[in-house]
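Morning, everyone. I'd like to walk you through one structure. Have a look at it first.

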Amino acid sequence: MSSIETVQAKVQRMLVAEMGEVRVDNDGDFKIPFQDTMCFVKVCDGVGDVAVVVRADALVLRNVALSAEVFEWVATEGQDFQIGGTFVWRDEEKPGNVGSIMFGYGIAADDLDLSELKLAVGCVTVMANLLAKDLKPRFGGETFFEDSE
């Protein structure tokens, strides 16, 4: 079993122990709903001396018109956090310049423990939920659980 598979199994055990049931999407990411957002936890290759990284990324808003103002906010104010930061995810399947604002955080997982994983998931989901309330009036879009139709 590779390092990624070992850490992925460990992350799944931790999440199930903390939350009971954990859903897995088509990409193998763990899905954790929280109020207006969904957190995606992914185990991936690390960099340098870190073999494996766990990413926790939560949707702030989807179906956002990706304007210069959105990109400026993401690149400046959206990076001004003690833990994590925002990024844009372009939706290639939608016409025009449309995408999502995400909030995410990555941690070295070579020696991952439960408190680190809980901190990552907790910070990301809470911050994404708070940012959605602040940014929706400014940039439009929808939260994860809003129906776009």
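Ground rules first. This is a predicted model: local features need pLDDT of at least 70, side-chain atom pairs count only at pLDDT 80 or more, and totals for chains, interfaces and linings use all residues. Residues are numbered from 1 along each chain as its sequence is written, and side-chain values use heavy atoms, with hydrogens and water left out.

Start with helix H2, residues 68-75. Helices here are DSSP runs of H or I, at least four residues, and strands are runs of E, at least two, numbered from the N terminus. Which residues of H2 are buried? Val 70, Trp 73 and Val 74. Buried means under 20% relative accessible area, exposed over 50%, partly exposed in between, with a 1.4 Å probe and protein chains only. Those three cover an arc of only 100 degrees around the axis, so they sit on the same side of H2. The arc is taken from the directions from the helix axis to the C-beta atoms. On the other side, Ala 68, Glu 72 and Ala 75 are exposed. The buried residues pack against strands S4 (52-65), S5 (85-90) and S6 (98-108), and against helix H3 (114-139).

Next, the largest pocket. Its volume is about 710 Å³. On a 1 Å grid over the protein atoms alone, a pocket is an open set of points with protein on both sides within 12 Å along at least five of seven lines; a cavity is a set where a 1.4 Å probe fits but cannot get out; lining residues have an atom within 4 Å of a point. Points are joined across faces, edges and corners, and the volume is the space filled by probe spheres set on them. Of the 19 lining residues, Phe 40, Leu 59, Trp 89, Ser 100 and Met 102 are closest to the pocket's centre. S4 gives the most to that lining, five residues.

Now the cavity. There is one of 30 Å³ or more. Its lining includes Met 14, Leu 15, Leu 117 and Val 121. H1 (3-19) and H3 each supply at least two of the lining residues.

Last, Thr 143, in the segment after H3. Buried or exposed? Buried, at 7% relative accessible area. Thr 143 touches Asp 36, Leu 59, Val 60, Leu 61, Arg 62 and Ala 132, leaving out residues up to four places away in sequence. Contact means heavy atoms within 4.5 Å.
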